[in-house]
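This briefing covers a sheet, a helix and a surface patch. Please keep the sequence and the structure open while reading.

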Amino acid sequence: KVVDLLVRNGECRGVVTESGDVYEGVAVILAAGHSSRDIFYMLHEKGVELQAKGFAMGVRLEHPQSVIDDIQYHNLNKSMKLPTASYNVVTQVDNRGVFSFCMCPGGIIVPASTDVNELVVNGMSNSYRNSPYANSGLVVQIEHEDLPDYHKFGVLACLKFQEDVERYFFNFNNDGNHNSKPLAAPAQKMCDFVKGKVSVTLNKSSYAPGVYAAPLDKLLPDFIAERMKKAFLIFGEKMRGFYTNQAMLIGLESRTSSPVRVVRNSDTFESVSLKRLFPCGEGAGFSGGIVSSAIDGVNVAVKIAELFL
C-alpha cells in the first residue's frame with residue numbers, strides 16, 4: 001500500500017509503502033481509482049494541486065428483468081430468444097442531470113464499501129446475464145456550488161460530502177432501530193418513493209446482504225431526492241411501465257466518479273505542481289469508466305515515452 005511520494009528536487013521519483021519500502025524510478029504513474037480516498041488526502045498533505053470535481057449520487061434501481069424486456073421488446077414472443085434487454089435514461093431537472101449509470105441487465109446488486117462505517121452499493125452482470133433482475137445506478141449530478149456547507153473543506157468539499165452521506169446511511173442501518181445485518185441496505189418501492197411513503201412490503205432483491213423498508217426519500221439529501229422524484233415521472237412517460245412499484249430503490253449509490261481531480265498539464269500530462277507525477281484514469285478525475293480509463297492510460301504512456309525517449 002502506497003502511503004507517500006518520494007520527492008527529490010521538485011520531482012516525483014518514487015513511492016513509499018506502508019511497510020517502509022521505497023520504490024524509485026524516473027517517474028510515477030498515479031492510477032489509484034476514484035475510491036482511493038487515502039491517496040487524495042496524502043496528495044493534499046503533500047501540496048499536490050487538486051480541484052473539487054462534480055460527481056453524482058443516488059440509488060441502485062432494480063426492476064424484474066422481465067419488465068425491462070417487455071418495455072424494450074414491446075412484449076414480443078419470448079420464444080424468439082432475444083438478448084437480455086438494457087436501457088439508458090437521462091433528463092434534466094432544475095439544471096442538473098438525472099441519469100442511469102452502469103446499467104446491469106440480468107445482474108445483481110453488490111456491496112461496494114471501501115471502509116468501515118459506510119454503506120455503498122454497486123451493480124454487476126455475470127457473463128450470461130441470466131439473473132431475473134435488472135439494475136442500474138440512478139443518480140443526480142452534483143456540482144461544487146450545490147454544497148455551500150462544505151466549501152470550508154476547499155478542494156475536498158465534494159469528497160467530504162460523499163463520505164458524510166455514506167456514513168449517514170451506515171449509521172441509520174446500524175443505530176439499533178433496524179433488525180438487519182451490518183451491510184443490509186435501505187430500500188423503497190419506486191412509486192412509494194415519489195409519493196413519500198415507506199413501503200409496507202418490499203420486492204425480492206438480488207442484494208445478498210438483505211434490504212429493509214426505509215424512507216429513502218428522507219435519507220437522501222433533499223436536492224437529490226426531489227430531482228429523482230421528478231425524473232422518475234419523466235422516465236415513466238418515455239418508457240411505459242418503467243415507473244412502477246415492481247421497481248425498488250436501494251441505497252446508496254455514490255461512487256459514480258471521482259469527487260476530486262488531480263490537476264495536470266494538458267501538454268505533458270504531468271501534475272502541474274509536481275513534475276514526473278502522472279495522474280491517470282478515474283481517480284485522477286480524467287475518465288469515467290473502464291474504456292475511457294484505458295484510453296487515458298495509453299495517452300499517459302505516450303506522453304511518458306515522448307518525455308524519456
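Two strands count as paired if DSSP finds at least two bridges between them. The model is predicted. With that pairing rule, three strands form an open, antiparallel sheet in the order 1-2-3.

**Sheet**
- The edges of the sheet are strand 1 (2–8) and strand 3 (22–24), each of which pairs on one side only.
- On average, neighbouring strands of this sheet are turned by 30° against each other, direction ignored.
- Six bridges join strand 1 to strand 2 (residues 11–17), and this pairing is antiparallel.
- Opposite arginine 8 stands glutamate 11, which belongs to strand 2.
- In general, the strands of a sheet pair through backbone hydrogen bonds, in either a parallel or an antiparallel sense.

- Helix 1 spans residues 37–46.
- Its buried residues are Arg37, Ile39, Phe40, Met42 and Leu43.

**Nonpolar surface patch**
- Val26, Leu307, Phe308 and Leu309 make a nonpolar surface patch of about 430 Å².
- One of these residues, leucine 307, lies in helix 8 (residues 290–308).
- Is leucine 307 buried, exposed or partly exposed? The relative accessible area of leucine 307 is 46%, so this residue is classed as partly exposed; the class lies between buried, under 20%, and exposed, over 50%.

Notes:
Residues numbered from 1 in each chain as written. Predicted model: local features only at pLDDT ≥ 70, side-chain atom pairs only at ≥ 80, totals over all residues. Heavy atoms only, no water. Patch = residues over 30% accessible without salt bridge, like charges linked within 9 Å, V, L, I, M, F, W, Y side chains within 5 Å. Areas by Shrake-Rupley, 256 points an atom, 1.4 Å probe, with all protein chains shown as cover. Salt bridge = Lys/Arg side-chain N within 4 Å of Asp/Glu carboxyl O. Helix = DSSP H or I, 4+ residues; strand = E, 2+ residues; numbered from the N terminus. Buried < 20%, exposed > 50% of the residue type's maximum accessible area, 1.4 Å probe, protein only. Axes fitted to C-alpha atoms, helices over the stretch in contact; angles between N-to-C directions.
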